[in-house]
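Here are my notes on the model, point by point. Please read them with the structure open.

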Amino acid sequence: MDVIHLLPDSVANQIAAGEVIQRPASCLKELVENSIDAGATDIQIIVQDAGRTMLQVIDNGSGMSPTDVRMSFERHATSKIRQAADLFSLHTMGFRGEALPSIAAVSQVEVLTRRKEDEVGTRLVISASKVEEQTAVATPVGTNFKVKNIFFNIPARRRFLKTNQTELRNLLADFYRIALVYPNIHFMFVNEDEVLFDLYEGSYKQRIEQLFGKGKHSYTNRLVELKAETDLVRIYGFIGKPEDAGRQSQQYFFVNGRFMRHPYFHKAVLQGYQGTLTQDNNPSYFIYFDIAPDQIDINIHPTKTEIKFVDEQPIWQILLAAVRESLGKFNLVPSLDFNREGDIDIPVFDGKQAKQPKVQISADYNPFKENNYNRERITGWDKLFEPLPRTDDENAEAQVMPTISLPPVTDDLPIMPIAGKYLLLPLPDCLLIIHPQRLLASVLYEQILTNIQNRKGIRHPILFPEVLDLTREQAEQLVQIQDDLNAIGFEIDRLSANSFSIVSVPAEIGNTNGVQTLLNLLDHADREQTSTHTAWQQNLAALLAETASQPSGQTMTDMQMRNLLKECIKRKISTSTRNRNGQKMMIAITFDELAKRFNN
Ligand code: ADP
Ligand code: MG
């Protein structure tokens, strides 16, 4: 005897519902998404008993014909895709045709709906998948969806629901995730006859403010804008200032209009804040990604929020750079501000302790300019720690710096990365601590400056030329400096008056984002403001070096560390412990000093 038979639809729906509808919040999400897909500009959500007894979603969207509304409760009935290929050009929130049959399988549903071309609308009542009534009614254009007594027919699941307080929190969490993506839709959220939210249309920023601002306390004043635009992905949004980071912060990622969780990208954001957060404190962020649909896995399960990207690594980098840039732009991370001293001094315990010799910090000091420093006397690493020329005052109090000779950078010279950002070299007579990022910036600076002056920049072609849309002012500025840009390896075509295409970038910055770098250059390098052409070229080199030396998020390999040190010796950069902004690149602790500190 054959034993296999097909389950009746009502049973199949109930099983499917178990996956799609877990709590009132899942109903809210599915219904509101349907309203958005139906083109609604006004959506009202009304809940009673945290959605347990009643959850209603009223929209002014397209509405449904009498046949369609009946059809919409069939499993896999959808108006949103017709064939598998449509999945790759999806522009709706839903596409599976599972939500309505699932909701109807576990509750009592009443729908009122009317299309604008119809004179009368339809009322449909379904209880536990069974159609109880379908009649013509007078109702406004749009759809009014009421879900009553969720899980009334599955007591086990009903018992599984949490307290009203928790379920309301779940409802709101799902509501925020949608409201944050559609600031152009008017949302109203009514709980037990109390209007919790009445969100008028506006910008993303205004929507965030409406949701999280409290009375007179502006929320968005404590956020900074984030922006990155590349061929692969467009990232846009807001991030919180480090000092406002806390345990209760708001963290949202959205991709193509959908909320997502992404622990890996979360790490990129945190890394961008590196050094500015105390443990356990998280910054708030609202970050929106736009990406070609074929770059993400669209087979998104309705209750899952993790989304897979084809190319996660580059997006991670772009995100990290974008976070750093916005924090840096707003001077929120001191170490990013190259004009400020980001000291890493060893703590001085009292006046009697050995002091690091003080050196004069001059803003326009350039160790590579011959007349700034008497290079003849320096033969290389052996005079590594000879201090810079000082004023007499400082001379008096500064101690004489011992000279330390660094052995050649061989493969077995010990180099230890410490604290995730410095290198420690135990040398025969001292401990040397290096700030590799600053050293790298100095090496690149020299390299790029030489390239500008010799007009010999090496070009790094961009596989997919990036388009740069500028304001008129920026465009004029770009044309003015194009000569020097060409000299260092940029190749920029003018597409129209204000639109340019970046065909190649200097090899030194090959791995960074060309558009971003150029915009940065235009922002900071004002040719008009620079007195001489040489000063301007130095300015340009410094900016590029700064961009290219930003940590990539990857740790340096042993080989890279050694090459960097070798390059420094070659270029005699190591003859100064400070970079051209006066920031320390190295610190040496001599064994004498150690002995003094230990008093032994
Ligand atoms: P999906 O959204 O995956 O297509 P659903 O079960 O959520 O599946 O909805 C089934 C169909 O019902 C949708 O494709 C749509 O045509 C129609 N529909 C559902 N809700 C609405 C609404 N609020 N306004 C207009 N049409 C709707
Ligand atoms: Mg749907």
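1. Start at ligand 1. An N or O atom in the side chain of Thr 78 sits 2.5 Å from an oxygen atom of the ligand. Ser 79 also places a polar side-chain atom 2.5 Å from an oxygen atom of ligand 1. Thr 143 has a polar side-chain atom 3.3 Å from a nitrogen atom of the ligand. On its own, ligand 1 has 530 Å² of accessible area, and the protein covers 92% of that. Accessible areas come from the Shrake-Rupley method with a 1.4 Å probe; for residues, only the protein chains shown count as cover.

2. A word on the basis. This is a predicted model, where local features need pLDDT of at least 70 and side-chain atom pairs pLDDT 80 or more, while totals for chains, interfaces and linings use all residues. Side-chain values use heavy atoms, without hydrogens or water; residues are numbered from 1 along each chain as its sequence is written, and chains are lettered from A and ligands numbered from 1 in the order in which they are written.

3. Helices (H or I, at least four residues) and strands (E, at least two) are DSSP runs, numbered from the N terminus.

4. Back to Thr 143. It lies in strand β6. Its relative accessible area is 8%, so Thr 143 is buried. The cut-offs: buried is under 20% relative accessible area, exposed over 50%, partly exposed in between (1.4 Å probe, protein chains only). The side chain of Thr 143 makes a polar contact with that of Thr 113, at 3.0 Å. A polar contact is a pair of N or O atoms within 3.5 Å; within protein, one must be able to donate a hydrogen and the other to accept it, and residues adjacent in sequence count only if both atoms are side-chain atoms.

5. Next, the nonpolar packing. The largest nonpolar core has 62 residues, and Ile 45, Phe 175, Phe 187 and Phe 189 have the most contacts inside it. Such a core is a set of buried Ala, Val, Leu, Ile, Met, Phe, Trp, Tyr and Cys residues joined through side-chain atoms within 4.5 Å. Helix α6 (residues 164-179) gives the most, with 7 residues. Domain 1 (9-199) and domain 2 (204-329) both contribute, so the core lies between them. The domain bounds come from an automatic or database domain assignment.

6. Apart from that core lies another, of 31 residues, with Leu 444 and Leu 522 among them. Leu 522 is also touched by Gln 474, as are Leu 519 and Asp 523, leaving out residues up to four places away in sequence. Contact here means heavy atoms within 4.5 Å. Gln 474 lies in helix α12 (residues 472-488). It counts as buried, at 19% relative accessibility. Its C-alpha atom is 8.5 Å from that of Asp 523, 49 residues apart along the chain.

7. Check two backbone angles. Most residues other than glycine have a negative phi. Asp 49 has a positive phi, near 60°, in the loop between β1 (42-48) and β2 (54-59). Phe 151 has a positive phi too, near 65°, in the loop between β6 (142-148) and α5 (155-160). Asp 49 is partly exposed, at 24%. Phe 151 is buried, at 0%.
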